[in-house]
Amino acid sequence: MKLKKQVTVCGAAIFCVAVFSLYLMLDRVQHDPTRHQSGGNFPRSQISVLQNRIEQLEQLLEENHEIISHIKDSVLELTAHAEGPPVLPHHKPNGSWVLPPESCPSFLSVSPQDCQFALGGKGQSPDLQMLAVYSLLPFDNQDGGVWKQGFDITYEPSEWDTEPLQVFVVPHSHNDPGWIKTFDKYYYDQTQHILNSMVLKMQEDPRRRFIWSEISFFSKWWDNISSQKRAAVRRLVGNGQLEMVTGGWVMPDEANSHYFAMIDQLIEGHQWLEKNIGVMPRSGWAVDPFGHSSTMPYLLKRSNLTGMLIQRVHYAIKKHFAATQNLEFMWRQTWDPDTSTDIFCHMMPFYSYDVPHTCGPDPKICCQFDFKRLPGGRINCPWKVPPRAITDANVAERAQLLLDQYRKKSKLYRSKVLLVPLGDDFRYDKPQEWDAQFLNYQRIFDFLNSRPNLHVQAQFGTLSDYFDALYKKVGIVPGMKLPGFPVLSGDFFSYADREDHYWTGYYTSRPFYKSLDRVLEAHLRGAEILYSLALAHTRRAGADSRYPLSDYALLTNARRNLGLFQHHDAITGTAKEAVAVDYGVRLLHSLNNLKRVIINAAHYLVLGDKDTYHHDPAAPFLGTDDTRPSQDSLPERTVLRMDTLPRFLVVFNPLEQERLSVVPVLVDSPHVRVLSEEGQPLPSQLSARWSSATDTVPDVYQVSVLARLPALGLRVLQLHKSLDGHTMLKSSVRLYLHGRDLPVRKQEVVPMHVFPAAADDFCLENQHLHACFSGRSGLLQSIRRAGEEREQRVSSEFLVYGTRTSKDKSGAYLFLPDGEAKPYAPKDPPVVRVTEGPLFSEVASYYQHVQTVVRLYNVPGVEGLSLDLSCLVDIRDHINKELALRFSTDIESDDTFFTDLNGFQIQPRRYQRKLPLQANFYPMPAMAYIQDAQSRLTLHTAQALGVSSLSSGEVLRSCSLRGWLKDNKRTCNRFRLLLERRTTASKVQDGRPISFPSLLSHITSMHLNAEALVMPVAQEKPALRSFTPLSTTLPCDFHILNLRMLQAEDDSLPSAEAALILHRKGFDCSLEAKNLGFNCTTSQGKLALGSLFQGLELGSLQPTSLTLMYPLGTASNSTSIHLDPMEIATFRIRLG
């Protein structure tokens, strides 16, 4: 009774707070200083302001109504739960399962201020919005003459009389860390010779310049050179002859890579440069990624770079921007209300970054100035006119010919400063090439510079030399907004280099490795955080001498292997087979090492008596949740052997929010009881383990436990062998053979009914959702949300794309289908298996080439609000075929759909009928959605794939690309399907070139991408205690992207400092937010870091640039921070 009173008082208090906040809002609207009364005469502008205010007020009322009704739900829930002993799940007479009320009910109340961000409206519109540019262009691909994809360029010779043309020729060598050869083979065959020659040849003439970007190669070379050579390199960097551009571990792909990995490889490169050379990159250089994401300029800007260059952009956009002199622009984020994300960007105008396509519009002429192609060499000019060595006799004619190209190219830009890259893949690997290029060009420069009547100043330069000259011309400090240049927002997908050759195949190529990449990423983040926390606790206890600090070297190795895989020929799937295998071996090696790091950290953190801690590498305290026998095999889950003694599990939750999850464990006995650390029984479900559609695995059972896991913490569970069968709730199985004569191997303890025919259509439900399936196909047909009458059609089907019969076929890069997709028609109908149980129910459909499982969790909160979907694809016997999964709905989405960029932001897309089918596919690293005024359907993904919406109400995503790839692996793709109701949609809002997921959508994505890790205790158990590292709940919109120990002087060991990287997510409040099961709220971007980590003190807090190279402001005593929505911020901290 006492508890009931407390609950009532608590609920009433919250209710009063909500009402009072509503009153304050009314008051705020009423006394708005911008509202002046002028009798009865309101100017038209003021009437519209008033209308806006009324609309805002209506929205605030609606939001508060939501909050209050949710408080009521929570109070009722609390009251209901306040009486009686704990109950386990039980069956209702109608056959459905009922779960006990949640012991930790929660309600989400989002402050209305936090909803304003997604509504936008502040700030000026950019001059160039890429969505609008796409709608504007005809994409007619007219022949432009010598510049085939452009137009004829003319000029008057007198144009440079008052202001001479300033030309910077930038020598570069593009080194792919794996493509045709493996990373190591490229290094030994070419890269080391390029860098050795560079040190030698650059010192011969102080006017020479060179740029380098891939730190993965540079660091390997550095480890193998003498201290004298290192000193020479530092001198070359110091005097501006050698520039490190971008400075990432690799030049990453920008379509499939996730923002965690993009940032991580940038930090790894920048930290290496700072420690070894003492240099901070200033300019970004991305000549080869196959299309460009707007996430990259944001990351470079937040790393304090002031300029960037891009190359692979659709040829029609290049032509349009060249014609309007918009090839250089300030690139701004779509959500940015001011200019804080602006970075100056230079787009190269022509087909490629090689020499024939960089000096000017005519490749036949430019090729004559690639002196590696001099007669007698191994490569020549395809245009049949070879270069000629520059002599006193021909220098005037040659220089004039080249100057004509320079002038024509400069007409495409707004300034009289010109950038001319000079290089190609793996160039400058022999001293002879250095001489050929540098000596011949220097003769041309000397001639041009000695003729004042030509009005040109030409020289070798670095990328930053070019940007600095440009800024100097307009008298602006580098990094500030350049006047006279347009502002652009949006991205540059999808890319076509010619005709209808759209590079959309690589969004899906080698999906096995795309999936493994994300598994490694989740493990790396988990290992970094747990290692940092364990180290802080051991140091505080003075026990760090007993801790395996050497695990830091394993973390470094994993960072570098994950970084290497972000390369634009790695995660893209565009490298040769042997190279893909080499990447796979590296990823698996690091995955196994990270499991060790997590196990070692968890061992220390869960010990009740830390003094008993002893690290024995030969006998790990904890086991792993799964193993992978080889780099291309799917994980095999560990089976726990049960005997008379209890078995203990440690479950790690890598999320910064507490979660209520169903944790699966494989055991060798059906007689198991699962208890909490305190000995309380936990709800659990017993299921069979299946090896095929009709065969169970003998003596292996899955126990699924409902457990509440602390944020970033470790929960201890115990498993007891029990002969009392009543505590374990069994699932039941219906198996539909569809007329096929197949033997069935059952397990006695799991009830199973076999039906020879197909099923009728059927439905499954939990407390949130009602999902219906086709009896014939076993595939999803519709979803209905609890409490709603309207059924949402969401029918799924598999489709197959063929490829063209012409010479050009779909491959690793290109998607060239032979027309519309055709329905997938396997030779046999599917076997459909329906499992129902208290914690989850699922439908498994087994086809010839694909198995799908749609699972519905009967769990309060996030896990139960969406459908869990997995596809096991095996099309090793299909040549030149591509499998796709289509969801057809009655959502009236018209031609608009939304895809994410790098898991960081959402980009609206429009289906363009004027473009071929393959042009309408886009990258989907994390999610895609369609919506109308009533509903939003989001497909969340755990691996990068391609996606499109080719008609209203449709989401189509590619499963597995074939083309020339003869190496398809059995691949498991994992998804979540989330249906949300929209409460305050407006046409104006939906027409904007920006969109955000809801908070529920963000957290659903996190659940999918950061699974709980289960570690069985291998040895006899000492006293274990769950580990809860956070003392307060983080705001719902804050994400701890990483907590990463920084390296000490000895780079195999950690220093006393760590990098804490936080991201505040932008979210949309217009999606209904009832019964979300969160126990967090939002805080207008405020976070008190000083008291965040339980049992640890924050010794220092220094805000820095994203990659820690620049301190931002002074380190203050305050440990409270503020982040604006969408911002990522890095802090250098000491924990202990």
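This is a predicted model: local features need pLDDT of at least 70, side-chain atom pairs count only at pLDDT 80 or more; totals for chains, interfaces and linings use all residues.
Cys763 and Cys772 form a disulfide, with their sulfur atoms 2.1 Å apart. The word here covers any pair of cysteine sulfur atoms within 2.5 Å.

Residues are numbered from 1 along each chain as its sequence is written, and side-chain values use heavy atoms, with hydrogens and water left out.

**More on the disulfides**

How many disulfides does a search of the whole structure find? It finds five. If you number the bonded cysteines of the protein in sequence order, the pairing reads 1-9, 2-3, 4-5, 6-7, 8-10. Here are some of the links with their values.

| Disulfide | S to S distance | Torsion about the S-S bond |
|---|---|---|
| Cys115 and Cys1069 | 2.1 Å | -85°, left-handed |
| Cys367 and Cys381 | 2.0 Å | -100°, left-handed |

The link of Cys115 and Cys1069 is left-handed, with -85° about the S-S bond. This pair joins distant parts of the chain: Cys115 is in helix α3 (residues 112-119), and Cys1069 is in the loop between β46 (1054-1064) and β47 (1086-1088), 954 residues apart. Helices (H or I, at least four residues) and strands (E, at least two) are DSSP runs, numbered from the N terminus. Cys115 counts as buried, at 4% relative accessibility.

The link of Cys367 and Cys381 is left-handed too, with -100° about the S-S bond. Both cysteines sit in the loop between α11 (363-366) and α12 (395-410), 14 residues apart. Cys367 is buried at 0% relative accessibility, and Cys381 is buried at 7%.

**An open sheet of six strands**

In what order do the six strands of the open sheet stand? The order is β3-β13-β9-β10-β8-β7, and the pairing is mixed. β3 (128-129) and β7 (283-286) are at the edges, each with a single partner strand, so one side of each is left without a neighbour in the sheet. Two strands count as paired if DSSP finds at least two bridges between them. Strand β9 (residues 328-331) and strand β13 (residues 487-489) pair in the parallel sense over two bridges, and Met330 stands opposite Val487 in β13.

Helix α9 (residues 295-302) lies across β7, β8 (307-310), β9 and β10 (343-347), running at about 130° to β10. That angle is taken between N-to-C directions, from 0 to 180 degrees, using axes that are lines fitted to C-alpha atoms, for helices over the stretch in contact. Contact means heavy atoms within 4.5 Å.

**A covered strand**

Now look at strand β43 (residues 971-981), which is mostly covered: nine of its 11 residues are buried. Strand β34 (residues 867-873) pairs with β43 in the antiparallel sense over seven bridges, and Leu872 stands opposite Cys972 in β43. Strand β40 (residues 935-941) also runs antiparallel to β43, joined by seven bridges. There, the bridge partner of Ser935 is Arg981 in β43.

**Helix α13**

Helix α13 (residues 431-449) has 19 residues and reaches 26 Å from its first C-alpha to its last, close to the 27 Å expected at 1.5 Å a residue. The expected span is 1.5 Å times one less than the number of residues. The buried residues of α13 include Trp434, Phe438, Tyr441, Phe445 and Leu448. What do the buried residues of α13 pack against? Their partners are β4 (165-174), α5 (183-202), β5 (210-212), α12, β11 (417-425) and β12 (456-460).

**The whole protein**

Stepping back, the protein has 19 helices and 50 strands. Buried residues make up 60% of its 1136 residues.

Technical notes. Buried means under 20% relative accessible area, exposed over 50%, partly exposed in between (1.4 Å probe, protein chains only).
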